[in-house]
Amino acid sequence: MTKVEQLLTSIEKRFKDTVECKLANGQLTLELEPSNLLLCAKILRDEAAFKFNQLIDICGVDYLEYGIGEWATDSATSEGFSRGVVAINATPAPHEENRFAVVYHLLSTTLNQRIRLRVFLRGEPPKVPSVIDIWRSADWYEREAFDLYGIIFDGHTDLRRILTDYGFIGHPFRKDFPLIGQVEMRYDATESRVVYEPVSIEPRTLVPKIIRRTGQTENG
């Protein structure tokens, strides 16, 4: 039995039906409800079988239209080089009700083992308890996920933007956020300040195409 399989056995024995365990490509992932996050996190940090003393990353995920398939474009064909991605069957998104998730990557420096937690969130704004009192490194990571995805970390003492500007509108890593943004900024020399204005870029769809010389056939 490999080390990660031993960890999986310990997790299943300790948590029973509280979490769902998934082992793929040597990576163990625990899926749990937001209400169970803090208790599970403390157990994973403190108990001798786990000792996950270090939180190395937190990231948000937006599953909007996940599993539905192709990019929505006006002029692309259903096949060939004009497609941005390989077509997937247009089935309902498996996480339609739980659009957002927060993923935690944990490391045990004592036992040299890793684990990943994934918490699916419901509602708008999506909300999850802060783990800042369990791992202090969560401070900036939670602020980043709040800034980019609009995820609320309940209990965080200083939840404010960290990457975008103070007056930024929206959350740029959400799948429905426009690629050209909401506003543009420039420095106005007459007013001696930065001003924000509506975006002047015309929305357009970027679709890869094959460029051929006039008269060139499909085979050259």
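Trainee: So what's the strand order in the open sheet of 5 strands, and what kind of pairing does it have?

Mentor: Keep in mind that this is a predicted model. The order is S1-S2-S5-S4-S3, and the pairing is mixed.

Trainee: Which strands stand at the edges?

Mentor: Those are S1, residues 20-24, and S3, residues 54-62. Each has a single partner strand, so one side of each has no neighbour in the sheet.

Trainee: And how many degrees is the twist, on average, from one strand to the next?

Mentor: The twist averages 20° between one strand and the next.

Trainee: Okay, zooming in on S2 and S5: do they run parallel or antiparallel, and how many bridges join them?

Mentor: Parallel, with 4 bridges joining S2 (residues 27-32) to S5 (residues 113-121). If you want a pair to click on, Thr29 has Arg116 in S5 as its bridge partner.

Trainee: Which strands does helix H1 touch when it packs on the sheet?

Mentor: H1, residues 3-15, touches S1, S2 and S5. The direction of H1 makes about 170° with that of S1.

Trainee: What about H3, which strands does that helix touch?

Mentor: H3 covers residues 138-149 and packs on the sheet against S3 and S4, the latter being 100-108. Here the angle is about 5° between the directions of H3 and S3.

Trainee: Let me step back to the whole chain. How many helices and strands are there?

Mentor: The protein chain has 3 helices and 9 strands. Starting at the N terminus, they run α-β-β-α-β-β-β-β-α-β-β-β.

Trainee: What share of the residues is buried?

Mentor: Buried residues are 33% of the 220 in the chain. As for contacts with a separation of 6 or more, 55% come from residues 24 or more positions apart.

Trainee: Switching to the surface: how much of it belongs to carbon and sulfur atoms?

Mentor: 51%, out of an accessible surface of about 14,400 Å².

Trainee: Which residues make the nonpolar surface patch?

Mentor: Ile169, Val183, Met185, Tyr187, Val194 and Tyr196, and together they make a patch of about 580 Å². The elements giving two or more residues to that patch are S8 (183-188) and S9 (193-198).

Trainee: Which element gives the most to it?

Mentor: S8, with 3 residues.

Trainee: And where does Val183 sit?

Mentor: Val183 is in S8. Its relative accessible area is 36%, so Val183 counts as partly exposed.

Technical notes
Residues are numbered from 1 along each chain as its sequence is written. This is a predicted model: local features need pLDDT of at least 70, side-chain atom pairs count only at pLDDT 80 or more; totals for chains, interfaces and linings use all residues. Side-chain values use heavy atoms; hydrogens and water are left out. Buried means under 20% relative accessible area, exposed over 50%, partly exposed in between (1.4 Å probe, protein chains only). Contact means heavy atoms within 4.5 Å. Accessible areas come from the Shrake-Rupley method with a 1.4 Å probe; for residues, only the protein chains shown count as cover. Two strands pair if DSSP finds at least two bridges between them. Axes are lines fitted to C-alpha atoms, for helices over the stretch in contact, and angles run from 0 to 180 degrees between N-to-C directions. Patches are made of residues with over 30% relative accessible area and no salt bridge: like charges are joined within 9 Å, nonpolar side chains (Val, Leu, Ile, Met, Phe, Trp, Tyr) within 5 Å. A salt bridge is a side-chain nitrogen of Lys or Arg within 4 Å of a carboxyl oxygen of Asp or Glu.
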